[in-house]
Amino acid sequence: MGASTENSSKRSKNSTSGAYTASPNSETPSSYEFNSSSPMERPMGQKAAKRKGKAKENINATEPPSSVNSDTMTKRMNLMENLARLKEEENKLVKEKMESEARLKEEENKLIKEKMEFEAMQFIMSDTSKMNDSQREFHEKQCNNLKEKYGW
């Protein structure tokens with residue numbers, strides 16, 4: 001039976017520390033037996049090693065020299081001032097545009113009103129000699145309405 005257990009793939013506790021070994025006659029001491037005075041620590045895994053390496057890279061990347069940092073802050077402040085100035089100019093231009101559009105609309109309304117008054121005056125001054133009595137009566141009523149409307 002001893003020969004069959006040596007070729008067996010089953011693991012068994014054969015070391016003095018109670019660690020599992022693949023073969024029953026392991027003569028190499030385990031890491032736990034060899035350094036029994038230190039606490040039991042495991043070696044670092046690949047993922048943990050990668051995280052540790054990346055953390056070092058990030059620390060080095062995020063700590064620029066102070067002169068570079070102050071230059072960056074100065075550039076940022078200049079850009080922010082320029083942006084604020086441009087926003088003020090944009091607001092000023094928008095306000096001027098709105099005022100210009102309002103003036104144009106006022107002038108347009110004034111011209112429309114003058115045109116309507118001119119047409120009303122033409123209607124009032126039209127020749128009534130060729131009109132029959134009912135047409136003259138209608139014309140006179142319309143003239144009175146227009147005079148009242150425009151305050152003539």
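I started with the surface. The protein chain exposes about 14200 Å², and carbon and sulfur atoms supply 54% of that area. Accessible areas here come from the Shrake-Rupley method with a 1.4 Å probe, and for residues only the protein chains shown count as cover.

I noted the ground rules next. This is a predicted model, where local features need pLDDT of at least 70 and side-chain atom pairs count only at pLDDT 80 or more, while totals for chains, interfaces and linings use all residues. Residues are numbered from 1 along each chain as its sequence is written, and side-chain values use heavy atoms, with hydrogens and water left out.

I looked up burial. Buried residues make up 5% of the 152 residues in the protein chain. Buried means under 20% relative accessible area, exposed means over 50%, and partly exposed lies in between (1.4 Å probe, protein chains only).

I listed the elements. The protein chain has five helices and two strands. Along the sequence they follow the pattern α-β-β-α-α-α-α. Helices (H or I, at least four residues) and strands (E, at least two) are DSSP runs, numbered from the N terminus.

I checked contacts, meaning heavy atoms within 4.5 Å. Of the contacts with a separation of 6 or more, 20% join residues 24 or more positions apart.

Then I turned to a helix pair. The axes of H4 (residues 66-124) and H5 (residues 133-150) come within 10 Å and cross at roughly 145°. Axes are lines fitted to C-alpha atoms, for helices over the stretch in contact, and angles run from 0 to 180 degrees between N-to-C directions. H4 contributes Met 116, Glu 117, Ala 120, Phe 123 and Ile 124 to the contact. Among the H5 residues in it are His 139, Leu 146 and Tyr 150.

I followed His 139, which is found in helix H5. His 139 counts as buried, at 6% relative accessibility. Leaving out residues up to four places away in sequence, His 139 touches Phe 123, Ile 124, Ser 126, Thr 128 and Met 131.

Last, I searched for aromatic pairs. Rings of Phe, Tyr and Trp (its six-membered ring) pair if their centres lie within 6.5 Å; planes under 30 degrees apart count as stacked, over 60 as edge-to-face and the rest as tilted. The whole structure holds one aromatic pair. The rings of Tyr 150 and Trp 152 have centres 5.1 Å apart and planes at 25°, so the pair is stacked. Tyr 150 counts as buried at 18% relative accessibility, whereas Trp 152 is partly exposed at 44%.
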